[in-house]
Amino acid sequence: MYDVVVVGGGAAGLSGAMALGRSKRSVLVVDAGEPRNAPAGHAHNYLGREGIPPRELLEIGRTEVAQYGVDLVDDRVVGLSGAAGDFLVTTAGGRRYGARRVLVTAGVVDELPDVPGLAERWGVDVLHCPYCHGWEVRDQAIAVLATTPMAGHQGLLFRQLSDDVVMIVHDGVELPDEELEKMSAIGVRIEHGTPQEVVTEGDALVGLRLADGSVLERQAIVVASKPHARADFLAPLGLEPQPFEMNGVAFGSVIAVESSGATAVPGVFAAGNVTDVAMTLMASAAHGMRVGAWINAELAAEDAARAVAERRAAHFERPAWEERYSGEQVWSGRANVQLVAEVAAMTPGRALEVGCGEGGDAIWLASHGWDVTAVDFADAALARTATHAEEAGVGDRVSTRRVDVRIFEPDGETWDLVTSHFVHLPDGGMVDVVRRLAAAVAPGGTLLVVGHDPEDLATGLRHGHRTFLFTAESLLPALDGDGAGEWAVEVCESRPRTQPHPQTGEEIAVADAVLRARRLA
Ligand SMILES: Cc1cc2nc3c(=O)[nH]c(=O)nc-3n(C[C@H](O)[C@H](O)[C@H](O)COP(=O)(O)OP(=O)(O)OC[C@H]3O[C@@H](n4cnc5c(N)ncnc54)[C@H](O)[C@@H]3O)c2cc1C
């Protein structure tokens with residue numbers, strides 16, 4: 001299982017692997033060993049490695065990425081299935097790899113014009129790109145085969161390099177009049193008719209046998225290939241190559257990507273020639289590096305989202321609290337100070353104590369004459385509350401009930417006091433909880449909700465808990481539109497107090513959000 005499997009170890013793939021390997025990602029590059037420029041003796045326009053043989057450049061790249069822990073295997077990917085986070089990559093050699101993400105940098109295959117003898121000289125003296133090998137044929141006798149209406153583009157660029165350029169317009173190809181006029185004005189000769197063959201003598205190029213049988217002596221032949229994306233293995237995922245367009249003319253095919261390199265299939269990215277046939281080596285390398293960086297960012301974001309979910313589960317989901325209340329005693333057993341401060345003077349009645357934990361508040365209420373319904377979503381908490389209430393001699397005044405406040409429905413049952421201390425939920429979730437609790441308050445009864453105020457963030461005590469904390473004011477919308485009657489808000493404040501720091505024991509200033517409201521009778 002790798003973070004990323006890179007399909008193709010050309011300039012794009014190795015550069016993507018470099019960005020990922022240097023980000024401590026586990027990366028595998030599977031390469032079939034047929035880079036597009038392999039037929040050429042040298043690679044040009046690659047700053048810092050000008051004129052290097054194509055395979056030497058890649059060998060250097062392979063050594064470099066291996067230094068960052070990237071694995072390399074010589075094989076061909078033939079299958080890709082699964083989904084983001086859990087892809088299965090299979091190879092012609094029978095290997096199987098898991099991958100969270102896949103980076104496709106498989107390049108293109110060039111389909112050449114159908115002229116006998118042409119393919120054998122591809123990359124040697126049959127050329128397509130003035131930037132790759134134009135300088136090498138400067139001032140030579142050059143033929144440009146016009147197989148598409150775009151041939152004028154190549155005519156222009158090779159004429160820049162040589163005074164002796166002949167354009168041979170294949171049968172069935174119509175060059176626009178303005179292109180013909182342009183060629184003639186810059187001194188490019190035009191011949192018509194598909195050439196019969198490439199003429200050679202031993203290893204050397206002689207020229208082209210034209211349609212009329214004559215031989216046009218040439219030192220280089222320029223063609224427009226049709227580059228096709230090497231992406232058969234993507235078809236089962238529904239990713240089909242799309243026509244590639246340049247200057248309004250379609251030629252070849254590519255896999256469509258967004259600027260991040262993301263394809264239409266989540267988790268599958270692509271870079272280099274397979275996404276843009278016009279990219280040279282350096283452009284492909286740069287693209288691979290950029291897309292590798294995007295993949296790393298996406299994985300980092302995914303890892304962080306998982307960490308958040310795990311932490312939230314530890315804070316807010318029942319299994320974590322069951323475990324917590326199955327170990328040593330968690331709380332002091334004393335009542336919360338704001339409960340004592342707010343309720344001591346009230347006439348006792350029925351109280352709903354929400355998130356009762358180990359029963360400290362429920363026992364204090366029962367000891368002061370209240371009939372308490374103590375609720376929590378953890379059975380282990382309810383068991384502790386019941387035991388502690390028995391031990392405190394108020395077991396007959398405390399009943400327990402399993403309630404998840406996130407889905408609590410009082411179903412018409414009401415209490416004279418509904419209270420919750422330090423129940424917290426992420427992303428403002430407490431407003432909905434308070435709305436549910438408010439519905440359980442009897443006419444004339446009191447709602448008391450206490451939590452950690454966001455002011456505590458300043459002390460560093462609740463660092464990273466910003467989304468969990470609430471102010472008393474932020475809960476007020478829970479009392480709006482309550483069909484069962486009006487409310488008198490009696491306390492709505494951030495109330496300072498001190499407590500020992502949990503690690504250092506030093507007395508520190510904290511603040512409680514305190515909301516006390518009375519439902520008008
Ligand atoms: C004749 C010729 C000469 C060129 N000369 C130059 C030049 O001098 N300078 C320049 O800048 N550009 C040059 N180019 C363009 C250059 O080749 C490309 O820009 C460059 O190769 C694109 O890099 P890439 O990594 O996208 O693809 P590639 O270099 O083509 O690499 C793709 C790799 O993926 C592998 N692969 C494909 N399918 C699979 C699969 N299913 N499983 C595993 N591996 C797979 C291939 O075998 C290959 O190794 C030339 C092109 C040609 C045709």
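How far apart do the C-alpha centres of domain 2 and domain 3 lie?

## Model and domains

The C-alpha centres of domain 2 and domain 3 lie 85 Å apart. This is a predicted model, in which local features need pLDDT of at least 70 and side-chain atom pairs count only at pLDDT 80 or more, while totals for chains, interfaces and linings use all residues. Residues are numbered from 1 along each chain as its sequence is written.

Domain 1 consists of 2-105 + 227-306, domain 2 of 113-222 and domain 3 of 322-519. These bounds come from an automatic or database domain assignment.

Two packed helices are described by the angle between their axes and the distance between the axes. Helices here are DSSP runs (H or I, at least four residues), numbered from the N terminus. Axes are lines fitted to C-alpha atoms over the stretch in contact, and angles run from 0 to 180 degrees between N-to-C directions.

Helix α1 (residues 11-21) and helix α6 (residues 281-316) have axes that come within 7 Å and cross at roughly 35°. The residues of this contact comprise 12 nonpolar, 8 polar and no charged. Nonpolar means Ala, Val, Leu, Ile, Met, Phe, Trp, Tyr, Cys and Pro; charged means Asp, Glu, Lys and Arg; the others, Gly among them, are polar.

## Helices α9 and α10

Helix α9 (residues 360-367) packs with helix α10 (residues 379-391) at an angle of about 35°, and their axes are 9 Å apart. A362, I363 and A366 of α9 make the contact with T385, H388 and A389 of α10; two residues are in contact if their C-beta atoms, placed from the backbone, lie within 7 Å. Of the residues in this contact, 4 are nonpolar, 2 polar and none charged.

Note on methods
Helix = DSSP H or I, 4+ residues; strand = E, 2+ residues; numbered from the N terminus.
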